[in-house]
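Biologist: Hi! Could you walk me through this model in plain words?
Modeller: Happy to, just ask away.

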Amino acid sequence: MITYKNVGMKYDNNTILHDINLTINDEELFVLVGPSGSGKTTLLRMLNQLTVPTSGDVYFADKKIKDYDVQKLRLDMGYVLQDSSLFPNLNVEDNITIQLEQKGVSKAKRHQRAAELLESVELDPKKYAKRMPDELSGGQQQRVAIIRALATSPRLVLMDESFSALDPVLRRKSQDLVLKLHRKYKTMVVFVTHDMQEALRMGQRIAILNKGEIQQVGTPHDIMQHPANDFVRQFFGVKTPHWWSMDFLVDSGVLEKIEFHDDLIKIDKFDKLVNLLKSATSVDFQYQGKGYSLTVPQLLAYFEREGGNQ
Ligand SMILES: Nc1ncnc2c1ncn2[C@@H]1O[C@H](COP(=O)(O)OP(=O)(O)O)[C@@H](O)[C@H]1O
Ligand SMILES: [Mg+2]
């Protein structure tokens, strides 16, 4: 578990973060989202001691981050930046296993681990393990950067705008990859982005930051249904209070997420909606006690019409 307790950050007289209190749970995929300059990177870098708060403390597994040995701490954390930041002079396998080497893992075991990780992202180890980073496409480099961050089976993976430089298709694929790996390994991930669609798609919970202050913490559903203030409403472009508005469901890809986000699955209206969309034919649809028989296009029109009035 990570806990920020009354964390503040000042550079000279500039206060960058104000009294941050936040808990991130083990196994959680947690998103920090906010506009550029809101303090996301500063908050994230406090986790691997690249930045030390000027007030308050950050705890990792009940111990103050500042009391950890920096090197050990970082070997226990994966870190993925915007550019894949692979070492250009090391081949793919050596890039992936550099932290394992620092931990003293044997060459044979490193080789095996690299192969296993490459296979998990559909890069054939026989073909790719010995390539240099500049012999990979941008998307392949980013996949390698992601598995490199997982190589030591770290307790925590930090991702800072990791997909911001990718084109939309690759970006979505990379998001899917992280979601898949997170389901598989259950590693705690703190994911920073300025993109609200990405935040909604990725986060089990999301913290929204503006000018160094947390505006709201909640599930995508909480935030869309109950934005805490005007900033959140505007940032997420919440036109109506309905989290299930069609635009939102389609744009954010939530429909693809429901398979593994328990909090969304439990909502019965959402289930009905999903079934409707899956069958995409005329079905009975019960809404607020009234019976409706609607096709999907009619349903879309219905939400559009009713969405603003409730
Ligand atoms: N080393 C630094 N010295 C002075 N100001 C800084 C430093 N690092 C960040 N800042 C300022 O802190 C604010 C938050 O920065 P940052 O955490 O990088 O925001 P974000 O990642 O949300 O874009 C910005 O106004 C930035 O200029
Ligand atoms: Mg940043």
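Biologist: What order do the strands take in the open sheet of six strands?
Modeller: The order is E6-E7-E8-E3-E9-E10, and the pairing is mixed. Two strands pair if DSSP finds at least two bridges between them. Strands (E, at least two residues) and helices (H or I, at least four) are DSSP runs, numbered from the N terminus.

Biologist: Before we go on, what kind of model is this?
Modeller: This is a predicted model, where local features need pLDDT of at least 70, side-chain atom pairs count only at pLDDT 80 or more, and totals for chains, interfaces and linings use all residues. Residues are numbered from 1 along each chain as its sequence is written, chains are lettered from A and ligands numbered from 1 in the order in which they are written, and side-chain values use heavy atoms, with hydrogens and water left out.

Biologist: Back to the six strands: which ones stand at the edges?
Modeller: Those are E6 (77-80) and E10 (213-218). Each has a single partner strand, so one side of each is left without a neighbour in the sheet.

Biologist: And how are neighbouring strands of this sheet turned against each other?
Modeller: By 15 degrees on average, direction ignored. Axes are lines fitted to C-alpha atoms, for helices over the stretch in contact, and angles run from 0 to 180 degrees between N-to-C directions.

Biologist: How do E9 and E10 pair, parallel or antiparallel?
Modeller: Antiparallel: E9 (residues 205-210) and E10 share five bridges. For example, Ile208 has Gln216 in E10 as its bridge partner.

Biologist: Which helix lies across E6 and E7?
Modeller: Helix H6 (residues 138-150) does, and H6 runs at about 165 degrees to E6. Contact here means heavy atoms within 4.5 Å.

Biologist: Now the open sheet of four strands. What's the order there?
Modeller: The order is E2-E1-E4-E5, with antiparallel pairing. E2 and E5 (63-64) are the edge strands, each pairing on one side only.

Biologist: What do E1 and E2 form?
Modeller: A hairpin, with two residues between the strands. Asp12, in the turn, has a positive phi of about 50 degrees. E1 (residues 2-11) and E2 (residues 14-24) are joined by seven bridges; Thr3, for one, is partnered by Thr23 in E2, and Met9 stands opposite Leu17.

Biologist: How many bridges link E1 and E4?
Modeller: Five, again in the antiparallel sense, with E4 covering residues 55-60. Tyr4 is opposite Val58 in E4.

Biologist: Switching topic: which residues are around ligand 1?
Modeller: Among them are Tyr11, Ile16, Pro35, Gly37 and Lys40. A residue is near a molecule if one of its heavy atoms lies within 4 Å of it. Helix H1 (residues 40-45) gives the largest share of the shell, three residues.
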